[in-house]
Amino acid sequence: MSDTPQPTPPPQYRLSEDWLAVFLGLFVLCATAWGIWVTNPDLKQAFFADAVETSDNEMPPAELKLKNPLKLWVDKPQTWKSSPLDAFQGKKGSALPGILGAGLFLWVLFTAGCGIRGDSVLWFGLTFPVIYALSLVAYLLSTQSAIKHYNLEYALWALLVGLLISNTIGTPKWLKPGVRTEYYIKTGLVLLGAEVLFSKLLALGVPGICVAWIVTPIVLISTYLFGQYVLKIESKSLNMVISADMSVCGVSAAIATAAACKAKKEELSAAISMSLMFTVIMMVVMPQIITLLGISDAVGGAWMGGTIDATGAVAAAGEMLDNKAAMEVAATIKMIQNILIGVVSLCVAMYWVAYVEKSDVDTATTPGVGEIWKRFPKFVLGFLLASILASIFYNSGSAGVQLVGEVTSVTKGLRSWCFCLAFVAIGLDTNFAELFKTLKGGKPLILYICGQSLNLVLTLAMAYLMFDFTFPQARVEIMSREVINSQ
Amino acid sequence: MILSRPLRLAAVSAVIAIIWLGVLPQVADWPAVRDRIERHQQLGLDPQAIFYSEQPDTFYAPIREAVAEHPEAFW
């Protein structure tokens, strides 16, 4: 995304923010893996055992129980009802060391990154704790139990906290060195890459692939083209971010796509705000429609999984149906869709540098490979590399499954903080007028509604085709398992 | 009446504090909301998850087992 222009252009030899994010993200992943490796001597043996004998990599053996001392030092505020102080008390003890530990670690990491890049270490180091404190406030707002269980995610509150300051007292100049949206988002995205495991794509066989990987790209491309040729939305990046947010998986897809197509901060904010509002409505209304129309649980679950934007809201909506299998189908379809964000961000980045940016600059010439490489958002490579490495380890055997699980149990907490910091930074850098200008004329809203309507129709049709006509036995197996489990 | 900038911030912060500390705790006690919260907690469901990895593995395990045991039904 495009941040406020820097006062002086960076010298040629200066490390770009993209490469820095790749370096920091991969460093965190490797350091976490190394920390787990050295504290678990059995792990080496387990890897060796996996290498010599074939084992079921989805079923880790009970005897290998990994210790993960790092987990204690990365945490988020917990759910609270009446007193925000309860948010610092987790189920397994105080969450305070984890909240402070994550803050301290990110402080050192990002400040060191500034040093590597040649930015002002002192000013960044002084202002980062303020941004982190504001992120903590945003987290506290989002974890109030009534808010949390209706899916009003931290991204929205982080944005609100930032906007509140920038639109009342104004963001103080001295705070600006810590307002580094792209820095936080891109590092968070590289960390997210380790959670994108390609084998998950096969989790529901052909029905899962058809619902999540055939319908989704069709809806994404159709919505984008509809926005360009019918609604004639001026900003292509806004059009793309709304299309991806609505068709793929909400906030995470919006963040990844916005970074890939260099969308403006207020475009990402507008897309996410709109998506979260519709998510709340859809997660309450869709289960009722499914019950009213007598749609089977498998089809209903697949329908919700493919259409409700937010991952958490999908499970929450699935849970409202009587049969637990509906929730499992919904969650699994959404998981398969989640994996799509790697491919989507790569394709969007390539399309942008090869076609969109070209047409913005010069319509007559096609950019060469060198020019495409220069414009390509390099953090996408870090994201994909993290995903490929994690997928390889995950498929190497039961020890790999456990190692990836333990690494991501730490890095997903850091990744969430990175995104929260980014949304606070976006809010601090945006004013309401700019945000409303993005939504001017109501075209983005029309785009969202039309795209989501197409998504609802196509996903329902595909879910019926898969579970009622092509693979009825799959539905029987899912439902019968639920009966066995409930007995 | 136009409030000065710091006053505006204080006023909005006060409204937020009243909603979060006064109104929302009451809302969380409404039977329908309370039931929903309890059900989510029992399942270990995180309604604010932005990625599948933030949900417990038990959500995916039954289907994974069904696919592993009866691949012919899914492929």
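Reply: Chain B has a radius of gyration of 22 Å, whereas a compact globule of 75 residues would have one near 11 Å; the radius is taken over C-alpha atoms, and the globule rule is 2.2 Å times the number of residues to the power 0.38. This is a predicted model, in which local features need pLDDT of at least 70, side-chain atom pairs count only at pLDDT 80 or more, and totals for chains, interfaces and linings use all residues. Residues are numbered from 1 along each chain as its sequence is written, while chains are lettered from A and ligands numbered from 1 in the order in which they are written.

Taken along the principal axes, the C-alpha atoms of chain B fill a box of roughly 70 × 30 × 15 Å. Chain B contains four helices and zero strands, so named from DSSP runs numbered from the N terminus (helices H or I of at least four residues, strands E of at least two). From the N terminus on, its elements run α-α-α-α. Its domain assignment, automatic or from a database, gives domain 1 (1–43) and domain 2 (48–75). The centres of these two domains of chain B, taken over C-alpha atoms, are separated by 35 Å. Buried residues make up 24% of the 75 residues in chain B; a residue is buried if 20 or more other C-beta atoms, placed from the backbone, lie within 10 Å of its own, exposed if 12 or fewer, and partly exposed in between.

Confidence comes next. The mean pLDDT of chain B is 90, and 97% of its residues reach 70 or more, pLDDT being the predictor's confidence in each residue, from 0 to 100. Within chain B, confidence is highest in helix α1 (residues 5–27), at a mean of 93, and lowest in helix α4 (residues 71–74), at 88. For the complex, the predictor gives an ipTM of 0.92 and a pTM of 0.90.

Now to the partner. 40 residues of chain B are in contact with 53 residues of chain A, contact meaning C-beta atoms, placed from the backbone, within 7 Å. Helix α14 (residues 324–361) of chain A gives the most to the side of chain A that touches chain B, with eight residues.

Chain A itself has 20 helices and two strands. Its radius of gyration is 22 Å, close to the 23 Å that the globule rule gives for 487 residues, so chain A is as compact as a globular protein of that length. Its C-alpha trace spans about 65 × 60 × 55 Å along the principal axes, and 53% of its 487 residues count as buried. Among contacts in chain A between residues at least 6 apart in sequence, 81% join residues at least 24 apart.

In helix α10 (residues 251–260) of chain A, 10 of the 10 residues are buried, so the helix is largely enclosed by the rest of the structure. Just after α10(A), A:Lys262 takes a positive phi of about 55 degrees. Helix α17 of chain A holds A:Ala399, which counts as buried because 26 C-beta neighbours lie inside 10 Å. Not counting residues up to four places away in sequence, A:Ala399 touches A:Leu43, A:Ala46, A:Phe47, A:Asp50 and A:Leu64. Helix α17 (398–428) is also one of the elements of chain A that cover the buried residues of α1(A), among them A:Leu20, A:Val28 and A:Ile36.

Note on methods:
Contact = placed C-beta atoms within 7 Å.
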